[in-house]
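Please review the following briefing together with the sequence and the coordinates.

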Amino acid sequence: MTIPAIEISGVNKTFGSGRKKNQALCDLSLSIAQGEVFGFLGPNGAGKSTTIKLLLNFLRPDSGFLRVMGHTVGQEEFRNHIGYLSEFPFFYDHLTARETLLLSGRLSGMTKQALRERIPLLLERMNLTEATDRRVSGFSKGMKQRLGMANALIHNPQVLIFDEPMSGLDPLGRHLIKNIIIELREQGRTVFFSSHILSDIEDLCDRIGIIHQGCLLYAGGLRDFLTAGSSLEERFVSIIKERDHAADPL
Amino acid sequence: MPVLLRQGLLFIFLFGFYAASYNTLLNLRADQATASQRSVGWDLPPNALKALAGEFKGLAADLMVLDIGAQLGTEVVRDAKGGYRIVTKHFDWDGIARLFVSSQALDPSFQQTFMLAEGWLPWEPPGMVAETQEILKTAARNRPWDWQPTHIIGFNTYYFLNRPGEAGQIYLEAAKTPHAPPFLAIIGARLAQKGGQTEAAIAVMKSMLSEKNSEEPGYADMFDRLHALEGVLVLEKALQQYEKTFGQKPSELVDLTNRGILATLPENPYNLPYCLDENGVIYFDRPQCRSAAPVSVQAPQ
Amino acid sequence: MQQTLSNLWHLALSTFIEGIRHKALWAIVCLAIVLTMANIFVAELFTWDLGKVSVEFGLSSVALTGLLLVFFLGMKILADDLERNRIYLLLSRPVAGWHYITGKFLGLALILALSTIILGLAAVLSMQYVLWQYPSFVPPNFSWLTYAMALACQWLALLVMLAVSFLCFSFASQPFVALLLAVSTYLVGQNMELLRRVVLENTHAGILTGQIKMVMALSWVFPNLSLFDKKLVAAYGFAFSGQEFLLLGLYCLSYSALLLFLSTLLFNRRELA
């Protein structure tokens, strides 16, 4: 039996204290197998970004544990196995696209030679060849998002974690990212991405998880979630509503 | 009304308001500003100043000395006929003396501080000789390579305090400083011994005058003193000549001209006759040196 | 080990490049030109000790610019890393907290070294002019070696301040609070020696009487920045021994290392939301 790419077990996370206490995640457990494309769905503020930040050890769980490729987050070094694209990628404004990728690649332990070959390839794939030696401060939102994608892929990681990868992209950019996720699946990589754009999830994912107010409502195959004839959107809205009624029966 | 015009009018109104209020404020300050108020800003205990200046103590000391320099000085007032007269301003001398001390607390080695202090404080007004000597002593301690502070202490001791013997010792002290000019040792030796004092005094005056700007206070006084001393020296030499020729001392100075040793008596810049007392000492500032009981004499002001 | 060194080097290098491409560096070059010109005019205002005024002014301008760089450029880069989540870019890779802190510190230290050298050289030019114009006002023991050592001390003081701002940043959640803490520490640090002396030598030091232990404790906590202030020493050509210079270097190194260590501890506990 192979180890899961991502394993989240019994994770709780609260922010603040006292009256302002806010439960961001309650007893979240998830397991994502290697080679899967997993879509993480939920309305705004549901806890998607929190989960991802916990996976990257930017936040620490109150209880429970997270593992990436069998390495426990926060205890063992796991970050070589993951590529991460944040929701709003910010870069050093005065570095060029090439320098940004060079820094990331070197920090991930790649050699200069390997980077010399890989950077032009990636930038070309992201339609950024023109911008190779331009400073990031002059980039548009979409260009930054694409550079962020190149940055996540630079060291060819096993597991990719994307936080809202399509946000701020024009239709061409979205098409590009979609194709990349499909390519990654073909290469046998694991992709974990959050989104609230249902059509993207429908097109790309093998399995999905639905989170609302910090609680996981569903985790499993996309086909199993869709009952005959209904669209993802209808099912999504109905499961969220069900939950709200259960919590607040008025 | 076009937008541009409206904006222009508004700008003129706002600018006029600003100009009027700012100008009124400046006028008010100009009316109030006196020398005593100007020194107040710096008037803090030395440790507080040090704390405020932080690592910029040297710069703060520079700035204070510049401020003192700007406060001091005589004012030239033009009159209607096209001429001008010099008005001596009334200074808050205590405040200025404290400024010098404060500046020295920030940078005890700065030459500008003690030179400027010497240029103003010991003279009349304000006649703060003791305060000046303290400033100079601090400078001397903090400038071990420099003969000047000690040299000036020696000068003040001679000129203002009228203690030639002590001044001579101080000059000898100054002469020990590396690179000190040789005349210091000569002056020191002569002042310290009895006799030969006139030449030493002339050297003292000359060395100080060479450093002094003719517009600074005390310049004219020192210039007169130098000439008076030179007159005394001429008379002293003539006395020796007289004694050699006639085998006895003259009883009065006019004997020197009557018996052909000198063509005329030298001029005394103080418009007094020189006077020869019973012991053969010549005075430029005591015309009744023979008859009157000894009077304690200060340097003429 | 090799990966650690490589991480430190690349973090430092990218910080350095980011810093020098910032407009701030051009502002510094302009400031250097203005101050060089000013130096000549300022010295002309004085009658005596022109050499001292010129050296003092030159070193003071280095100090002031360095402080501005630490407080604004350095702290802005740190604040942006945290506020704009740029730090995710680095910490989603195998980069330890202390790599990040130390790498940033080294990069900013390089920028400070560069600006100290630029301003120091500009000051040398103007001083050379003043000293050449008024050779009689050159202090007799003046030496360029002492000047270079004083300049290096200025840099060491800036490094200490940089380490202080790192600690403030790991400590305070708001950049403004961090800046305030760093500036206050600077002011206290400049006067630590004065305070120590007042308490030790003056038995009637007002409210400080009897607080010797407290003041001594504080003097071990706060950086003693005035020890690095060698402006008057360089200006008058006073003796400045190599031994003292070496010890100042060690003091700077050990104190900064300690602060960076504490910063890392705090930083590692911090959640990057």
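How many helices and strands does chain C have? Chain C has 10 helices and 0 strands, where helices (H or I, at least four residues) and strands (E, at least two) are DSSP runs numbered from the N terminus. The model is predicted: local features need pLDDT of at least 70, side-chain atom pairs count only at pLDDT 80 or more, and totals for chains, interfaces and linings use all residues. Residues are numbered from 1 along each chain as its sequence is written, while chains are lettered from A and ligands numbered from 1 in the order in which they are written.

**Fold of chain C**

- Along the sequence, the pattern of chain C reads α-α-α-α-α-α-α-α-α-α.
- The radius of gyration of chain C, 20 Å, is close to the 19 Å that the globule rule gives for 273 residues, so chain C is as compact as a globular protein of that length; the radius is taken over C-alpha atoms, and the rule is 2.2 Å times the number of residues to the power 0.38.
- A box of roughly 60 × 50 × 35 Å, taken along the principal axes, is filled by the C-alpha atoms of chain C.
- Buried residues make up 45% of the 273 in chain C (buried: 20 or more other C-beta atoms within 10 Å of the residue's own, with C-beta atoms placed from the backbone).
- Of the contacts in chain C with a separation of 6 or more, 85% come from residues 24 or more positions apart (contact: C-beta atoms, placed from the backbone, within 7 Å).

**Contacts between chains**

- Chains A and C share the most contacts of the 2 pairs of chains in contact.
- Chains A and B do not touch, and their nearest C-alpha atoms are 34 Å apart.
- Chain C and chain A each give 23 residues to their contact.
- On the side of chain C that touches chain A, the elements giving two or more residues are α1 (2–21) and α4 (87–91) of chain C.
- The largest share of that side, 8 residues, is from α1(C).
- By class, that side has 9 nonpolar, 8 polar and 6 charged residues (nonpolar: Ala, Val, Leu, Ile, Met, Phe, Trp, Tyr, Cys and Pro; charged: Asp, Glu, Lys and Arg; polar: the others, Gly among them).

**Strand pairing in chain A**

- Strands β1 (residues 6–15) and β4 (residues 63–68) of chain A run antiparallel and are joined by 5 bridges; strands pair if DSSP finds at least two bridges between them.
- Opposite A:I8 stands A:L66 in β4(A).
- β4(A) also pairs in the antiparallel sense with strand β5 (residues 71–72) of chain A, over 2 bridges, and A:V68 has A:H71 in β5(A) as its bridge partner.
- The hairpin of β4(A) and β5(A) has 2 residues between the strands, and A:M69 takes a positive phi near 50° there.

Terms used: A residue is buried if 20 or more other C-beta atoms lie within 10 Å of its own, exposed if 12 or fewer, and partly exposed in between; C-beta atoms are placed from the backbone.
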